[in-house]
Amino acid sequence: MAVENYSAEVELQEAIQQLRNQGVRITPQRQAVLAYLIEADTHPTADEIYKALSPNFESMSVATIYNNLKVFKESGLVTELTYGDAASRYDFDTANHYHVICTSCGKITDFQYPRLDEVEQIAQHLSGHKITHHRMEIYGICPECAKKEER
Ligand SMILES: [Zn+2]
Ligand SMILES: [Zn+2]
């Protein structure tokens, strides 16, 4: 998949460089999965990534996707968003945004908000835990679902 906008292209090249620095081999499939995650704002599942990319790659399987997602996760480029028994969703670079989730259709929308580093420091200070990360999600009804409910 061609990366069309310039900033996505820069993000892709930086991500590839980071992976190379970590000793990760970059295959065409790996690069395609990464490009897809950077371009998509839909927080896709592994199945959705597979459906989008497999027409371009004869040898691609869902296992290939999971394998790549695992590599990206370990390198810190991609966050796995887990929701109980539902399929995990994957998101590139969650460092500068949080999520608002529609309780009606389940859509996940990004919004820019400064990372809440302070709450991690306070949690560490008060609890003695060595903090690794935090997760904050805002819930509500998206504009499309609100319109449907009005009818
Ligand atoms: Zn909705
Ligand atoms: Zn996101």
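Predicted model: local features only at pLDDT ≥ 70, side-chain atom pairs only at ≥ 80, totals over all residues.
Visitor: Okay, how are α2 and α4 oriented to each other?

Guide: Their axes come within 10 Å and cross at roughly 70 degrees. That angle falls in the 65 to 115 range, so α2 and α4 are roughly perpendicular to each other.

Visitor: Which residues make that contact?

Guide: From α2 you have Q29, R30, V33 and L34, and α4 brings T64, I65, N68 and F72.

Visitor: Let's look at α4 itself. What span does it reach from its first C-alpha to its last?

Guide: α4 runs over residues 62–75, 14 residues in total. It reaches 20 Å, close to the 20 Å expected at 1.5 Å a residue.

Visitor: And how do I read burial along a helix? Which residues of α4 are buried?

Guide: The cut-off is 20 or more other C-beta atoms within 10 Å for buried. In α4, the buried ones are T64, I65, N68, L69 and F72. Those residues cover an arc of only 130 degrees around the axis, which puts them on the same side of α4.

Visitor: What's on the other side of α4?

Guide: A63, K70 and E74 are there, and they are exposed.

Visitor: Which residue follows α4?

Guide: G76, with a positive phi, near 85 degrees.

How values were computed:
Residues numbered from 1 in each chain as written. Chains lettered and ligands numbered in written order. Helix = DSSP H or I, 4+ residues; strand = E, 2+ residues; numbered from the N terminus. Expected span 1.5 Å × (residues − 1). Buried ≥ 20, exposed ≤ 12 C-beta atoms within 10 Å, placed from the backbone. Arc of directions from axis to C-beta. Axes fitted to C-alpha atoms, helices over the stretch in contact; angles between N-to-C directions. Parallel < 35°, antiparallel > 145°, perpendicular 65-115°, else oblique. Contact = placed C-beta atoms within 7 Å.
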